[in-house]
Amino acid sequence: MAEIREGIVLSSVPYGESRIILNLLTPDLGTIGLIATLSKKGKTGLKKAHFQNLQILEIQHAERNKGELKRLQEARILYPYQQLYFDPVLSCMALFLAEFLYKVLREEEGHPELYRFVRRALIQLDSAEAGLANFHLAFLMELSGHLGLRPQLELGPARYFDLLNSQLSIQPPDHPHFIEEDELLIWRELQAKGLENYEELSIKGSAIRRKALASLIDYYRLHLHDFGDLKSLAVLREVLA
């Protein structure tokens, strides 16, 4: 029995000469694995363009048991990006976000609010005209709330935030996984402004952004199993330098 739903491409890997294995984020099933056969003739059928990272699709697939790859039958691009794949800065940021989302979204469980957040953020990124240097920082901070990892950063006498135990501290923790007061102020601003107002962030300078990004990634890595390395991180740092 065929099923129709919306999905966002998180990764695509060639499989043989004409097939491709996909990982998609969906509203109702969470992340799902699909296998697709690419069409080599004419304008119809499944094309590579359908499966670029972060493409927003309407898909039709055959149902399979949980954990099995589903066979993709049809796909239609729902939102044709205007800039995301053509602007060098946007394309590098999209590559990073796709890899990051693939790392953190591995559960086969529906989360419609999370899906709407990611979808809305991608369309916002595609339509951005300037001030992109802090977009990924705001995205990672807001994403943490949808994953149940939102840091509690209430104002008070605390000068440190313990990344490992996710708590504020007056004294530095007895381990290396923490941020100090200057970076704590940045995290608080990221939460206060949110992704919607990322252009208003006062974070300036590539060194400060790199430090903030590194601590956000460390926070995720400490709280999510088998996070691993991000291959796209070096390229993003170079582009935003």
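This is a predicted model: local features need pLDDT of at least 70, side-chain atom pairs count only at pLDDT 80 or more; totals for chains, interfaces and linings use all residues.
Biologist: How many residues in the lining of the largest pocket are nonpolar, polar and charged?

Modeller: The lining of the largest pocket divides into seven polar, six nonpolar and four charged residues, around a volume of about 340 Å³. Lining this pocket are 17 residues, of which Val104, Leu105, Arg106, Glu107 and Leu147 are the closest to its centre. Two or more residues of the lining come from each of strand 2 (19-26), strand 3 (30-37) and helix 1.

Biologist: Which elements each supply at least two residues of the lining of the second largest pocket?

Modeller: Those elements are strand 1 (2-15) and strand 2, and strand 1 gives the largest share, three residues. The second largest pocket holds about 190 Å³ of space, and its lining, which includes Tyr15, Arg19, Lys48 and Phe51, divides into five nonpolar, four polar and three charged residues.

Biologist: Turning to charged pairs, how many salt bridges does the count come to?

Modeller: The rule asks for a side-chain nitrogen of Lys or Arg within 4 Å of a carboxyl oxygen of Asp or Glu, and by it the count comes to nine salt bridges. One of them pairs the side chains of Arg76 and Glu58, at 3.4 Å from N to O. Because Arg76 lies in strand 5 (residues 70-77) and Glu58 in strand 4 (residues 56-62), this pair ties together parts that are 18 residues apart in sequence. Arg76 is partly exposed, with a relative accessible area of 46%, and Glu58 is also partly exposed, at 31%.

Biologist: Which residue does Asp226 meet in a salt bridge?

Modeller: Asp226 meets Arg106, at 3.7 Å from N to O. The two residues sit 120 residues apart, Asp226 in the loop between helix 5 (206-223) and helix 6 (233-239), and Arg106 in the loop between helix 1 (88-104) and helix 2 (112-126). Exposed means over 50% relative accessible area, so Asp226 counts as exposed at 52%, whereas Arg106, at 40%, counts as partly exposed.

Biologist: Where do Arg159 and Glu181 lie?

Modeller: Arg159 and Glu181 form a salt bridge whose closest N and O atoms are 3.5 Å apart. Arg159 lies in the loop between helix 3 (135-146) and strand 6 (160-162), and Glu181 in helix 4 (residues 181-193), so the pair ties together parts that are 22 residues apart in sequence.

Notes. Residues are numbered from 1 along each chain as its sequence is written. Side-chain values use heavy atoms; hydrogens and water are left out. Helices (H or I, at least four residues) and strands (E, at least two) are DSSP runs, numbered from the N terminus. Buried means under 20% relative accessible area, exposed over 50%, partly exposed in between (1.4 Å probe, protein chains only). On a 1 Å grid over the protein atoms alone, a cavity is a set of points where a 1.4 Å probe fits but cannot get out, and a pocket is an open set with protein on both sides within 12 Å along at least five of seven lines; lining residues have an atom within 4 Å of a point. Grid points are joined across faces, edges and corners, and a volume is the space filled by probe spheres set on the points. Ala, Val, Leu, Ile, Met, Phe, Trp, Tyr, Cys and Pro count as nonpolar, Asp, Glu, Lys and Arg as charged, and the others, Gly among them, as polar.
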